[in-house]
Amino acid sequence: FAGPTIVAFGTDGQKERFLRPILTGDELWCQLFSEPDSGSDLASLRTAATRADGGWRITGQKIWTSRAQLAANAILLARTGGADIPRHRGITYFLLPLASPGVTVRPLRHMGGDVEFNEVWLDGALVPDAYRVGDEGAGWKVANATLAGERQMVSGSGSGGVDRIGGRGIDHAIGLAHKR
């Protein structure tokens, strides 16, 4: 889900750094959106990002993160606005290398012994400002593009999701493969 969002909203540097490893599968990604006690209300997130030298310090907890134990990077939503800012406007979207100091991934083992989900603790993890996607406080708009891509994956090609957010669907990829 990171690729189409980076295509639509990322900087040239983000596209150069992240798109090829996403396409080749060399770097796996996870989505750090859900939080404890938030249910399905994504805008109620409490993970905070505060400005620091070179970027942003991220503090908070994410839960039910699929395959975080295997991922190299994550897409992350954090609150950058104060309590006086409407909650949908005070969110910023980041790209987070999971090997960063201050990031702890804890597997949630289900009763069969396997791990599909994780909780991720962020204890002052530094994210360079170059890894912020979109404007500060505009993360809700960017996240909706990610979620549209997710809905596209679930609902199939009839919904047009990836194409709507500036990406290209599977028909384009198959056409390129045939040409090459």
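User: Which residue forms a salt bridge with Arg51?
Analyst: Glu136 does. In this predicted model, the closest N and O atoms of Arg51 and Glu136 are 2.8 Å apart.

User: Where do Arg51 and Glu136 lie?
Analyst: Arg51 lies in strand E2, residues 48–52. Glu136 is in the loop between strand E8 (132–133) and helix H3 (139–155). The two parts are 85 residues apart in sequence, so the pair ties them together.

User: Is Arg51 buried or exposed?
Analyst: Arg51 counts as exposed, because its relative accessibility is 54%. Glu136 is partly exposed, with a relative accessible area of 39%.

User: How many salt bridges does a search of the whole structure find?
Analyst: Five. One of them joins Arg46 to Asp37, with the closest N and O atoms 3.9 Å apart. The cut-off for a salt bridge is 4 Å. Another pairs Arg132 with Asp129, at 2.9 Å between the closest N and O atoms.

User: Take Arg46 and Asp37. Buried or exposed?
Analyst: Arg46 counts as exposed at 57% relative accessibility. Asp37 also counts as exposed, at 74%.

User: And Arg132, buried or exposed?
Analyst: Arg132 counts as buried, because its relative accessibility is 18% and the limit for buried is under 20%. Its partner in the salt bridge, Asp129, is partly exposed at 27%.

User: Why can such side chains pair at all?
Analyst: Side chains of opposite charge can pair when their charged atoms come close.

User: Switching topic. How many helices and strands does the chain have?
Analyst: Five helices and eight strands. Along the sequence the pattern reads α-α-β-β-β-β-β-β-β-β-α-α-α.

User: How many of the contacts join residues at least 24 apart?
Analyst: 66%, counting contacts between residues at least 6 apart in sequence.

User: What about burial over the chain, and the surface?
Analyst: Of the 180 residues, 41% count as buried. The accessible surface comes to about 10,000 Å². Carbon and sulfur atoms account for 53% of that surface.

User: Now the core. How many residues has the largest nonpolar core?
Analyst: It has 18 residues. Leu32, Ile58, Phe94, Leu96 and Leu98 have the most contacts inside it.

User: Which elements give two or more residues to this core?
Analyst: Strand E1 (29–32), E3, E4, strand E5 (91–97) and strand E7 (115–128). E7 gives the most, with four residues.

User: Which residues is Phe94 in contact with, leaving aside neighbours within four places in sequence?
Analyst: Its contacts include Ala49, Trp56, Ile58, Ala74, Ile75 and Leu76. Val127, Tyr131 and Arg132 are also among them. That is the Arg132 that forms a salt bridge with Asp129.

User: How does E5 pair with E4?
Analyst: In the antiparallel sense, over seven bridges. Ala78 has Thr92 in E5 as its bridge partner.

User: And how many bridges join E5 to E8?
Analyst: Two, and these strands run antiparallel. Tyr93 stands opposite Val133 in E8. Tyr93 is also one of the residues of the 17-residue core.

User: Last topic, backbone angles. What is the phi of Trp64?
Analyst: About 60°, a positive value, although Trp64 is not a glycine. Most residues other than glycine have a negative phi.

User: Where is Trp64, and is it buried or exposed?
Analyst: Trp64 lies in strand E3, residues 55–66. At 54% relative accessibility, Trp64 counts as exposed.

User: What about Arg67 and its phi?
Analyst: Phi of Arg67 is near 60°, again positive in a residue other than glycine. Arg67 is found in the loop between E3 and strand E4 (73–79). Its relative accessible area is 40%, so Arg67 is partly exposed.

Notes. Residues numbered from 1 in each chain as written. Predicted model: local features only at pLDDT ≥ 70, side-chain atom pairs only at ≥ 80, totals over all residues. Heavy atoms only, no water. Buried < 20%, exposed > 50% of the residue type's maximum accessible area, 1.4 Å probe, protein only. Contact = heavy atoms within 4.5 Å. Areas by Shrake-Rupley, 256 points an atom, 1.4 Å probe, with all protein chains shown as cover. Salt bridge = Lys/Arg side-chain N within 4 Å of Asp/Glu carboxyl O. Core = buried A, V, L, I, M, F, W, Y, C linked by side-chain atoms within 4.5 Å. Pairing = 2+ DSSP bridges.
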